[in-house]
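Dear colleague,

Please find below the structure that I am handing over to you, shown with its sequence. My findings follow directly after it.

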Amino acid sequence: MPDPQRAQRGTIDTSVVVDIEQLEAGQLTVELAVSAVTMAELAAGHHATRDAEERARRQNRSQRAEAAFDPLPFDGESARAYGRIYAAEIASGQKTRGPRALNLMIAATACAANLPIDTRNAEDFRGLQDLVDVFAV
């Protein structure tokens, strides 16, 4: 059963999409959304391994996510939110490059849509709690 204190709609990050079959429904918000950035990570994921079986699993996961979600765009509002999130990262001394940059873009998309983020890696969003609610699942 979902936590009554949480929003009914929320963004799930890439880590949740990857592990979604291992999670219980009550761990997540009722209505799930994903960022276009998450979809991009999934689309790239199968190119990041040389193992044929793993590549097939990743491609299957990406295709299932494409069928299940209409992603939230990284649009003008997301870009403005990214500026605020980037500033918070710089102020806290966090890294803003590499894989972290994609997490910041996911957070910006959620922030722009006024949605919380469900993640398996809450540490990826450390320092952003003033801008977006982050729930570890």
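In this predicted model, helix 2 and helix 5 pack with their axes 8 Å apart, at an angle of about 145°. Helix 2 contributes Val37, Thr38 and Glu41 to the contact, and helix 5 contributes Leu102, Met105 and Ile106. By class, four of these residues are nonpolar, one is polar and one is charged.

Pro99 also belongs to helix 5. Its relative accessible area is 65%, so Pro99 is exposed. Pro99 and Glu41 are 58 residues apart along the chain, and their C-alpha atoms are separated by 9.8 Å.

Helix 2 (residues 36–45) packs against helix 3 (residues 52–68) at an angle of about 150°, with the two axes 8 Å apart. Because the cut-off for a roughly antiparallel pair is an angle over 145 degrees, helix 2 and helix 3 are described as roughly antiparallel to each other. The crossing of helix 2 past helix 3 is left-handed. On the side of helix 2 the contact involves Met39, Leu42, Ala43 and Gly45, and on the side of helix 3 it involves Arg58, Arg61, Ser62, Ala65 and Glu66. The contact of helix 2 with helix 3 comprises four nonpolar, two polar and three charged residues.

Val37, Thr38, Met39, Leu42 and Gly45 are its buried residues. The elements that cover these buried residues include strand 1 (9–12), helix 1 (14–19), helix 3 and helix 5 (99–112). Two of the buried residues, Val37 and Thr38, take part in the contact with helix 5, whereas Met39, Leu42 and Gly45, likewise buried, take part in the contact with helix 3. At the N-terminal end, helix 2 is capped by Ser35, a side-chain oxygen of which lies 2.9 Å from the backbone nitrogen of Val37.

The loop between helix 2 and helix 3 contains His46. Is His46 buried or exposed? With a relative accessible area of 12%, His46 is buried, because the cut-off for a buried residue is under 20%. The side chains of His46 and His47 are joined by a polar contact of 3.3 Å. Leaving aside residues up to four places away in sequence, His46 touches Arg55, Arg58 and Gln59.

The axes of helix 4 (residues 76–92) and helix 5 cross at roughly 125° and come within 8 Å. Helix 4 and helix 5 are therefore oblique to each other, and helix 4 passes helix 5 in a right-handed crossing. From helix 4, the contact is made by Glu77, Ser78, Ala81, Tyr82, Arg84, Ile85 and Glu89; from helix 5, it is made by Arg100, Ala101, Leu104, Met105, Ala107, Ala108, Thr109, Cys111 and Ala112. The contact of helix 4 with helix 5 divides into 10 nonpolar, two polar and four charged residues. Met105 of helix 5 takes part in this contact and also in the contact with helix 2.

Most residues other than glycine have a negative phi. Asn114, although not a glycine, has a positive phi of about 55°. Its relative accessibility is 70%, so Asn114 counts as exposed.

Two further residues deserve a note. Val134 is in strand 4 (residues 134–136). It counts as partly exposed, at 26% relative accessibility. Apart from residues up to four places away in sequence, Val134 touches Ile117, Thr119, Ala122 and Phe125. Val134 and Leu115 are 19 residues apart in sequence, and their C-alpha atoms are 9.4 Å apart in space.

Ala25 is located in the loop between helix 1 and strand 2 (31–33). The relative accessible area of Ala25 is 67%, so this residue is exposed. Between the C-alpha atoms of Ala25 and Arg80, which are 55 residues apart along the chain, the separation is 32 Å.

Yours sincerely

Terms used. Residues numbered from 1 in each chain as written. Predicted model: local features only at pLDDT ≥ 70, side-chain atom pairs only at ≥ 80, totals over all residues. Heavy atoms only, no water. Axes fitted to C-alpha atoms, helices over the stretch in contact; angles between N-to-C directions. Helix = DSSP H or I, 4+ residues; strand = E, 2+ residues; numbered from the N terminus. Parallel < 35°, antiparallel > 145°, perpendicular 65-115°, else oblique. Left-handed = near helix turned anticlockwise from the far one by under 90°. Contact = heavy atoms within 4.5 Å. Nonpolar A, V, L, I, M, F, W, Y, C, P; charged D, E, K, R; others polar. Buried < 20%, exposed > 50% of the residue type's maximum accessible area, 1.4 Å probe, protein only. Polar contact = N/O pair within 3.5 Å; in protein donor to acceptor, adjacent residues only side chain to side chain.
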